[in-house]
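Dear colleague,

I am handing over the structure below, together with notes on what was found in it. Please read the notes with the structure open beside them.

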Amino acid sequence: MAIQLHQTIQAFRVLRRTFPHGKSIGFVPTMGALHDGHLSLVQRAREKNDIVVASIYVNPTQFGPNEDLDKYPRQLEADTKVLEQLGVDHIFCPAEMYTAQHRCFVDPVGFDDLREGKARPGHFRGVATIVTKLLNVVQPTRAYFGQKDAAQCVLIKRVVNDLDMDIEVNIMPIIREWDGLAMSSRNAYLTEEERKAAAILFKSLTAAKDIYEGLCGGVVPMDSMIISETVVNRLETEPLVKEIEYVAVDSKETMEALKEVGPEGAIVSIAVKIGTVRLIDNFIL
């Protein structure tokens with residue numbers, strides 16, 4: 001059977017009531033402009049579930065006033081073909097998820113105080129709200145997200161747990177290009193020269209891993225400043241790095257900043273501008 005597209009909440013709810021009781025439903029929420037990172041989530045969902053649903057919706061509430069909402073790539077026809085080839089059963093692609101009367105949002109306490117939250121005020125409120133709305137509509141057994149948006153992954157697990165949703169959240173590894181650059185829809189904004197330069201993100205994170213493992217072997221606690229300074233120093237070797245927004249060394253569980261990193265490890269996250277393009281990446285120690 002050909003893949004089916006559902007363009008309103010009501011249309012999907014009608015469909016959802018037809019799913020056989022006891023069948024598992026895998027859900028992959030996306031904003032479209034799909035790359036191999038997204039497709040790895042879809043493949044996992046297909047392996048583990050009876051029914052697979054993907055959503056494509058560019059969520060306006062997670063974009064700031066000076067961000068790239070208007071130019072964010074939209075390619076529904078091409079995305080649909082790829083998802084059909086991978087065996088997705090249904091695409092939920094609503095034209096809108098917010099009515100003119102929309103007033104209620106999910107506001108996760110403390111997330112605007114994280115480094116990514118400070119860089120993008122209100123972003124996590126938008127993410128928490130749209131994820132809650134999508135999970136309410138789809139009602140999946142399992143949902144799949146990529147590790148590239150590290151704080152977002154922590155947030156989503158927090159939302160599902162705090163709001164008592166009976167959903168299994170699966171966080172899948174970052175899928176990278178041949179030179180280590182994390183796959184992202186925004187990579188398409190890079191010029192050829194900028195794309196080559198963007199490999200410095202992964203090189204800087206690898207340097208953090210090397211110094212963590214080399215100096216303390218992951219056993220003796222070390223000052224997190226040593227790790228962050230190592231990343232900054234490596235990033236600064238690339239002339240096309242226009243701005244280093246932040247380098248954060250945080251708890252893997254809460255994304256709260258760490259003064260020391262011991263055997264439990266940490267997550268090193270970075271946000272960098274190459275030219276005008278903002279790129280994020282992270283590495284788990």
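Ring pairs join Phe12, Phe19 and Phe92 into a cluster. Here rings of Phe, Tyr and Trp (its six-membered ring) pair if their centres lie within 6.5 Å, and planes under 30 degrees apart count as stacked, over 60 as edge-to-face and the rest as tilted.

Before going further, please note that this is a predicted model, in which local features need pLDDT of at least 70 and side-chain atom pairs count only at pLDDT 80 or more, while totals for chains, interfaces and linings use all residues. Residues are numbered from 1 along each chain as its sequence is written, and side-chain values use heavy atoms, with hydrogens and water left out.

Six aromatic pairs are present in the structure. In one of them, the ring centres of Phe12 and Phe92 are 5.3 Å apart and the planes meet at 45 degrees, so this pair counts as tilted. It connects distant parts of the chain, since Phe12 belongs to helix H1 (residues 9–16) and Phe92 to strand E4 (residues 90–92), 80 residues apart; helices (H or I, at least four residues) and strands (E, at least two) are DSSP runs, numbered from the N terminus. Both Phe12 and Phe92 are buried, where buried means under 20% relative accessible area, exposed over 50%, and partly exposed in between (1.4 Å probe, protein chains only).

Phe202 and Phe283 make another tilted aromatic pair, at 6.3 Å centre to centre with 45 degrees between the planes. This pair also links distant parts of the chain, with Phe202 in helix H8 (residues 200–216) and Phe283 in strand E11 (residues 277–284), 81 residues apart. Phe202 is partly exposed because its relative accessible area is 23%, whereas Phe283, at 18%, is buried.

As for backbone geometry, Gln139 is not a glycine and yet has a positive phi of about 55 degrees; it is placed in the loop between helix H5 (123–138) and strand E5 (142–146), and its relative accessible area of 45% makes it partly exposed. Asp164, likewise not a glycine, has a positive phi of about 55 degrees and lies in the loop between H6 and strand E6 (168–172), where it is exposed, with a relative accessible area of 68%.

Finally, the structure holds zero disulfides, a disulfide being taken as a pair of cysteine sulfur atoms within 2.5 Å. Among the cysteines, Cys93 is buried, with a relative accessible area of 8%, and Cys153 counts as buried too, at 3% relative accessibility.
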